[in-house]
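Hi,

Here is the structure I said I'd pass along.

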Amino acid sequence: MMFSDSPCADSAVKFAVTTNDKGVWTVPELPLGTYGIAVKLGDKWQITLGERLGQGMQEGKVYDTGSLALDRP
C-alpha cells in the first residue's frame, strides 16, 4: 500500500470536501497552488497522480477542475 491511512494523511496541505447532489464541490479559501485530488468511493481511493490541478489559478477567480472520471467500486 502506498499510504498509511489516506493518500493525504502525510500531506502538509489538505482539504476535505463532499460533493453536492450534482457532483460539484467547492474548497473555500484554497491557497493558490497546484494540487492533486484523492476521492474515496466506498473503501477504494482514486488518486489524480501526475495531475497539476490548479495550475493557472488566479486570486479572487473561480478555478474549474473540470470533470473527473471515476470507477465505481
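The protein chain has 0 helices and 2 strands, where helices (H or I, at least four residues) and strands (E, at least two) are DSSP runs numbered from the N terminus. Before the rest, a word on the source: this is a predicted model, where local features need pLDDT of at least 70, side-chain atom pairs count only at pLDDT 80 or more, and totals for chains, interfaces and linings use all residues. Residues are numbered from 1 along each chain as its sequence is written, and side-chain values use heavy atoms, with hydrogens and water left out.

The strands pair with each other: β1 and β2 run antiparallel over 4 bridges (pairing takes at least two DSSP bridges between two strands). Leucine 41 has lysine 44 in β2 as its bridge partner. Together β1 and β2 make a hairpin with 2 residues between them, and glycine 42 in the turn has a positive phi of about 65°.

As for the chain overall, 15% of its 73 residues are buried (under 20% relative accessible area; exposed is over 50%, partly exposed in between, with a 1.4 Å probe and protein chains only). The protein chain exposes about 6200 Å², and carbon and sulfur atoms supply 50% of that (Shrake-Rupley, 1.4 Å probe). Of the contacts between residues at least 6 apart in sequence, 39% join residues at least 24 apart; contact means heavy atoms within 4.5 Å.

Now the pocket. A pocket here is an open set of points on a 1 Å grid over the protein atoms alone, where a 1.4 Å probe fits, with protein on both sides within 12 Å along at least five of seven lines; lining residues have an atom within 4 Å of a point. There are 46 lining residues, and Val17, Trp25, Val27, Gly36 and Ile37 lie nearest the centre. Both β1 (38-41) and β2 (44-47) give two or more residues to that lining, with the largest share, 4 residues, coming from β1.

Why is glycine 33 classed as partly exposed? Because its relative accessibility is 26%. Glycine 33 touches Leu53, Gly54, Gln55 and Met57, leaving aside residues up to four places away in sequence. Its C-alpha sits 8.3 Å from that of leucine 53, 20 residues apart along the chain.

Cheers
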